[in-house]
Amino acid sequence: MRYRYPWTMTDPQLVLTERVQRALGAAFGAEYSDADPLIRPSQFADYQANVAMSLSKRLRRAPREVAQEIADRLSADSAFPATVEVSGPGFLNITLDDSWIAGRAAESLADPRSGVGHTTPPQTVVIDYSAPNASKEMHVGHLRTTIVGDALARMLEHLGNRVIRQNHIGDWGTPFGMLIEHLLDIGEQAALARLEAGESSEYYKEARAKFDSDPEFKQRSRRRVATLQAEDPETMRLWHLFMDATIRYFDKVYAMLGVTLTDEDIAGESMYNPMLARTCDDLEAAGAAVVSEGALCVFPPGFTGSDDKPLPLMIRKSDGGYGYATTDMAAVRYRVNDLKADRILYVVGADQALHFRMIFAAARMVGWLPDTVSAEHVQIGMMLGTDGRRFRTRSGETVKLTDLLDEAVDRARAAIADRGYDEATQGEIAHAVGMGAVKYADLSVSHDTEYVFDFDRMLAFSGNTGPYMQYATARIRSIFRKGGIDPATATGTITLGNPAERALALQLLGFGAVVEQAAALAEPHRLCAYLFETASAFTTFYENCPVLKADVDEAVRASRLALCALTLRVLETGLDLLGVPVPERM
Ligand code: ARG
């Protein structure tokens, strides 16, 4: 189930939809007034409505005749802000009135939110994202769940929803026995320094190697798991030391990226530990979990394995231990009952799709996830290297994230080296461009596609990239700077004399709807695509419509400056919602 957000009514497509539906009701009877008019952008006009073709069967009339009747109604409707023509077998070609476009653009300019509405009523949205594991490395996959989740959090918050970030870090389980013993072996200070530097992967491998080869270490580790489960104070002290150092590394990555996650948002697996026994008991008491081959399992309806046998969601292993699924069952219940979620987004790798489908089905089955609450797995596609395989360094190791981000900044610095900025400014721009490039690359493709991590492509200054979007924004700022004008004062009357002005104004009217749509569908790439189209429309406008040149008429200049100001605010707001920083100049 997906929640439907009310779309903004300055969006031309929605305004037209509403008017056409009225016409349908008036022409063919009330039962037709909620038919989808199928309004799409068109090559021959602003929009084309294909509804006559789809209704002709139902009405048993020729499509062209149906189209003509709709067109007549629309032409007689004084609130219809466009002209309409019937073409071909029964298309309706719709061309908006310039005065309407200019009027809506002026409204959007006067509105500090640039036409972005509020979700009504506001929802409580829990977003589970980032979620690296303390027992393994924080890898590029986590980078992508962090960036996509953060953009969703920003958009949903901007729409007036109550967003609760939940960083479901992997901070519990049997590996922590050996990780703590290894910490004692190499000394607390040395261990913490390495964890804080992001070396948890190597650290884990060393502990694992000892565990496999040294029976004494293995035995100690097992004992340590037991004292950890029992929350023995000294073991808990060591666990906290370990986790604090690891989280300091996560925080370093978050700070570099400028994501909005804080330590307050950490709600890791350990948080659910005290709830797991009851989770199992309650599932068993409700008749939803049964013992199968010694393990406690839920069999959610509709899941079968390749052997046609029902697929189990194992919530307690035969040795009594709990697992990933147990924690997620406890987490669903907590998020619904305690956090009062209306919507829960799980921004997690696509390879966990089956896990989440089973968790949601099991939780629905026992009534822990009521139909009024939407649970969505926002699947994150795998990140590939330029060789088309899972992203790794040349030596086959996974890449340390802080190194990767440093490299992005270094490459950005090299790309702008010839622009004559002083050291400090160059550093600031390089940071913004480097992080913007990495983040925008993650956001601009649909989140569930696999994609190639390619520095050259993401750092390109042309195309749908972060640096291009930053550059497009900085360029509009420089127009105002050159003119000695504060964009906030550019509130002149908008007139649309040139087709490029008209196209830009029309494009700007779609901002509110695209933000709402991207949030409702959890698809930030829609906002990227829109911003890229906006920057392109601006480029065409700027090539065709001089703004500051001496011979430009004063009223025309004021109108063009107003369009520049609205474009600037839409780009700035949009990039901010994506979490992409914009340097003052580039
Ligand atoms: N730590 C997990 C991983 O790295 C992701 C956790 C996602 N959230 C959840 N509720 N299971 O794969």
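The shell around the ligand consists of 4 nonpolar, 3 polar and 2 charged residues; here Ala, Val, Leu, Ile, Met, Phe, Trp, Tyr, Cys and Pro count as nonpolar, Asp, Glu, Lys and Arg as charged, and the others, Gly among them, as polar. The model is predicted: local features need pLDDT of at least 70, side-chain atom pairs count only at pLDDT 80 or more, and totals for chains, interfaces and linings use all residues. Residues are numbered from 1 along each chain as its sequence is written.

**Ligand shell**

- Around the ligand lie Asp128, Ala131, Asn133, His168, Gly170, Asp328, Ala331, Tyr346 and Val348, where a residue is near the molecule if its C-beta atom, placed from the backbone, lies within 6 Å of it.
- At least two residues of this shell come from α13 (324-337), and at least two from β10 (343-349).

**Whole chain**

- The protein chain contains 22 helices and 13 strands, which are DSSP runs numbered from the N terminus (helices H or I, at least four residues; strands E, at least two).
- Taken along the principal axes, the C-alpha atoms fill a box of roughly 85 × 65 × 40 Å.
- Of the 586 residues in the protein chain, 45% are buried, meaning that 20 or more other C-beta atoms lie within 10 Å of the residue's own, with C-beta atoms placed from the backbone.
- Among contacts in the protein chain with a separation of 6 or more, 74% join residues 24 or more positions apart; two residues are in contact if their C-beta atoms, placed from the backbone, lie within 7 Å.

**Helices α2 and α3**

- Helix α2 (residues 51-59) packs on helix α3 (residues 63-76) at an angle of about 110°, with the axes 8 Å apart; axes are lines fitted to C-alpha atoms, for helices over the stretch in contact, and angles run from 0 to 180 degrees between N-to-C directions.
- That angle makes α2 roughly perpendicular to α3, a term that covers 65 to 115 degrees.
- On the α2 side, Ala52, Met53, Leu55, Ser56 and Leu59 meet Pro63, Val66, Ala67 and Ile70 of α3.
- The residues of this contact are 8 nonpolar, 1 polar and no charged.

**Helices α6 and α10**

- Helix α6 (residues 175-186) and helix α10 (residues 233-257) cross at roughly 85°, and their axes come within 10 Å.
- α6 and α10 are therefore roughly perpendicular to each other.
- Phe176, Leu179, Ile180 and Leu183 of α6 meet Thr235, Leu238, Trp239 and Phe242 of α10.
- This contact has 7 nonpolar residues, 1 polar and no charged.

Methods:
Angles under 35 degrees count as roughly parallel, over 145 as roughly antiparallel, 65 to 115 as roughly perpendicular and the rest as oblique. A residue is buried if 20 or more other C-beta atoms lie within 10 Å of its own, exposed if 12 or fewer, and partly exposed in between; C-beta atoms are placed from the backbone.
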